[in-house]
Amino acid sequence: MKHLLALVFLLLSTAAFAESYVIHAGAMFDSVSGNVLEERSIHVADRKIVSVAAGYGDVADGGQVIDLRDSTVIPGLMDMHVHLDMELTPDIYTEKYTLNPVDLAYRSTVYARRTLLAGFTTVRNIGDTDNITISLRNAIDQGYVEGPRILTAGKGISVTGGHMDPTSGNSYALMGDPGPLEGVINGPYEARKAVRQRYKDGADVIKLAATGGMLSTTKSGLAPHFAMDEIEAIVETARDYGMVVAAHAHGAEGIKRAVRAGVNSIEHGTELDDEGISLMKQHGTYLVPTMMAPDFAVQKAKIDGYFPEIIMAKVRGFEQSIPAMVNKAYTSGVNIAYGTDSGVTPHGENGKEFVLLVGAGMKPEHALQSATINTASLLRIEDETGSIEAEKLADIVAVKGDPLADIGLMQNVSFVMKQGKIHKQE
């Protein structure tokens with residue numbers, strides 16, 4: 001018995017020891033200031049950052065040393081626009097008739113792991129099928145599945161025939177008349193009911209489609225889809241529940257209606273004009289550019305038959321307009337939050353957005369801030385994460401070398417820690 005007790009004590013001690021680390025960082029990105037700090041020691045214990053100190057110190061309790069002196073250590077990255085229940089292929093427009101929700105759920109676990117290993121410790125899932133990512137979030141939180149921290153909108157909110165009406169493009173026999181339960185609304189009463197249904201379902205945030213979309217089987221990708229009283233009802237009800245509201249919006253008028261109504265972020269922003277920029281600055285609205293998605297779609301639209309023709313016609317012509325829009329918004333002082341629309345693009349390639357943002361004129365340090373402290377502020381979780389500071393969750397990633405000199409390094413994250421647990425170390 002004495003030997004058994006000693007063994008149990010040893011195992012418990014080993015488990016406690018394994019949860020305490022000191023990271024020796026050759027450089028550390030301070031997301032609050034945007035500066036890089038040389039030679040820092042980061043003490044991690046019990047899922048949180050205990051301290052950050054200059055130089056390479058030891059941990060008093062004998063925790064494990066992680067040598068990242070050849071790397072730049074960065075707060076865990078955040079992606080504000082993913083779809084973990086899907087991945088775009090030419091078959092996706094028919095798979096909705098052949099796949100069951102459980103098929104998509106199994107795939108989502110693979111996509112979640114890829115996302116985490118790419119360095120993204122927190123994501124905002126903006127619209128899904130059958131609330132799959134609500135269950136995925138719970139499975140990750142409970143330790144059954146490896147993946148990022150998820151804040152999810154569940155099913156998005158659309159108007160009849162809108163971008164996220166799940167029956168758009170169907171035959172008359174299959175269209176039906178979906179309502180607030182399915183996320184389809186007409187009028188402010190149904191708008192409020194849809195938000196309350198999302199809250200009841202367990203969603204964390206609200207997503208609405210303020211305009212048409214490029215990749216849905218609706219004729220226009222730019223036309224506004226909500227009347228002002230409908231968007232205002234969504235935003236007001238979401239605020240009652242403390243929920244952040246994201247508005248998918250391509251066309252200029254839909255963007256401006258959403259901003260005036262008080263949404264927290266504009267997703268895509270394709271036709272953002274001077275008036276829209278002024279309104280976004282006035283309201284403090286974030287832009288989530290998702291540059292990867294149009295870049296990917298434009299390339300795939302060159303392949304005959306990749307998309308249905310109704311989509312091909314919408315996608316053509318956007319190759320040059322998106323970088324110019326992002327540059328103008330950025331140089332004008334609009335808040336930028338990092339988002340990729342992964343799911344349209346392959347999951348796990350989220351780091352490419354850094355390259356596109358910098359290519360559009362953003363400074364590398366501001367691109368990194370867009371994926372750390374800015375995103376945490378948008379989600380209202382900056383007290384928990386978004387920077388490497390004492391008492392915050394130990395969400396920490398690293399790349400070998402200096403990403404401010406070569407932003408492309410962000411596509412090859414070599415170390416991933418989420419809440420004090422190491423998921424990747426190369």
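This is a predicted model: local features need pLDDT of at least 70, side-chain atom pairs count only at pLDDT 80 or more; totals for chains, interfaces and linings use all residues.
I started with strand S15, which is joined to strand S16 (residues 415-418) by three bridges, the two running antiparallel. A note on words: helices (H or I, at least four residues) and strands (E, at least two) are DSSP runs, numbered from the N terminus. Two strands pair if DSSP finds at least two bridges between them.

Residues are numbered from 1 along each chain as its sequence is written, and side-chain values use heavy atoms, with hydrogens and water left out.

**S15 and its partners**

I looked up Ala398 and found its bridge partner in S16, Phe415. Then I went to strand S4 (residues 64-75), which has five bridges to S15, also antiparallel. There, Thr72 has Val399 of S15 as its bridge partner. I also checked burial (buried is under 20% relative accessible area, exposed over 50%, partly exposed in between, with a 1.4 Å probe and protein chains only). Four of the five residues of S15 (residues 396-400) are buried, so the rest of the structure largely encloses this strand.

**The three-strand sheet**

Next I found an open sheet of three strands, ordered S5-S6-S7 with parallel pairing. Strand S5 (77-82) and strand S7 (149-152) are at the edges with a single partner strand each, so one side of each has no neighbour in the sheet. Neighbouring strands here are turned by 15 degrees against each other on average, direction ignored. S5 pairs with strand S6 (residues 120-125) over four bridges, and Asp79 stands opposite Val123 in S6.

I then saw that H4 lies across S6 and S7, at about 155 degrees to S7. Angles run from 0 to 180 degrees between N-to-C directions, with axes fitted to C-alpha atoms (for helices over the stretch in contact); contact means heavy atoms within 4.5 Å.

**The second largest pocket**

Last, I opened the second largest pocket, with a volume of about 440 Å³. Two elements give two or more residues to its lining: helix H4 (132-141) and strand S17 (421-425). S17 gives the largest share, three residues. A pocket is an open set of points on a 1 Å grid where a 1.4 Å probe fits, with protein on both sides within 12 Å along at least five of seven lines; lining residues have an atom within 4 Å of a point. I noted 19 lining residues, with Arg47, Lys418, Gln419, Lys421 and His423 nearest the centre.

Notes
Grid points are joined across faces, edges and corners, and a volume is the space filled by probe spheres set on the points.
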